[in-house]
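Try each task before reading its solution.

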Amino acid sequence: MTTGLIYLIKSEMDTREWNQTKLSEISGIPDSTISKILKNPNQIPKLENLAALAHAFEIPLARIIAACGFDVTSTETQDGQRLQTIVSAIPDFQRLVEEMMTFSPLDQADVLAYIEMRRLYRQKNIV
C-alpha cells in the first residue's frame, strides 16, 4: 500500500504550494501518471518516477521508498554484510562497491534503498 507515499506527495506539494501540474513540470512525470499515483494506493510507482519525485522535492530517495512501505532501515553491520555478500557472489561488483564507498552516507542509503526496491520490484504491482 502506498498511502504513505500519497500522504508524503500531498504534504510536500502543500508545503511548496504546488498543484499537480507544477509537480509534473518540475519532476518531468506526466500529469496523468501523478494522478494515477495519487489515486491508486494499491500500486507501487515505477522506480524512475519515485526517483523523479525525490529529486523534485529535494528529499532522499530512501524517504520516498520508505513511504511506499519498504523497510530501508539497517545498521552498518547489516549494510556491510549485504555488501560483502554481493561482492563475494559477483566479483564484477567490486568496482561498484569501491565507488559506493566514496558516496556520502545519504547517497549510500539511497543506493541501498534502490537495491532493496529492485529486489521487491517484481513482487508488487507497478504503475
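**Exercise 1. Work out what share of the contacts between residues at least 6 apart in sequence join residues at least 24 apart.**

Step 1: Count a contact wherever heavy atoms lie within 4.5 Å. Step 2: Among contacts between residues at least 6 apart, 64% join residues at least 24 apart. Before you go on, note that this is a predicted model, where local features need pLDDT of at least 70 and side-chain atom pairs count only at pLDDT 80 or more, while totals for chains, interfaces and linings use all residues. Residues are numbered from 1 along each chain as its sequence is written, and side-chain values use heavy atoms, with hydrogens and water left out.

**Exercise 2. List the secondary structure and find the largest nonpolar core.**

Step 1: Take helices as DSSP runs of H or I with at least four residues, and strands as E runs with at least two, numbered from the N terminus. The chain then has eight helices and zero strands.

Step 2: Call a residue buried under 20% relative accessible area, exposed over 50%, and partly exposed in between (1.4 Å probe, protein chains only). Of the 127 residues, 38% count as buried.

Step 3: Join buried Ala, Val, Leu, Ile, Met, Phe, Trp, Tyr and Cys residues through side-chain atoms within 4.5 Å to get a nonpolar core. The largest one holds 31 residues, and Leu-5, Ile-9 and Phe-57 are among those with the most contacts inside it. Helices α1, α3, α4, α5 and α8 each supply at least two of its residues, and α4 gives the most, with seven.

**Exercise 3. Describe the surroundings of Phe-57 and its aromatic partner.**

Step 1: Leaving out residues up to four places away in sequence, Phe-57 touches Ile-9, Glu-12, Met-13, Arg-16, Trp-18 and Leu-23.

Step 2: Rings of Phe, Tyr and Trp (its six-membered ring) pair if their centres lie within 6.5 Å; planes under 30 degrees apart are stacked, over 60 edge-to-face, and the rest tilted. This rule gives one aromatic pair. Trp-18 and Phe-57 are stacked, at 5.7 Å centre to centre with 20° between the planes.

Step 3: Trp-18 lies in the loop between α1 and α2, and Phe-57 in α4, 39 residues apart. Trp-18 is buried because its relative accessible area is 16%; for Phe-57, also buried, the value is 0%.

**Exercise 4. Which backbone angle stands out at Glu-17, and is the residue buried or exposed?**

Step 1: Glu-17 has a positive phi of about 60° although it is not a glycine. Step 2: Its relative accessibility is 74%, so Glu-17 counts as exposed.
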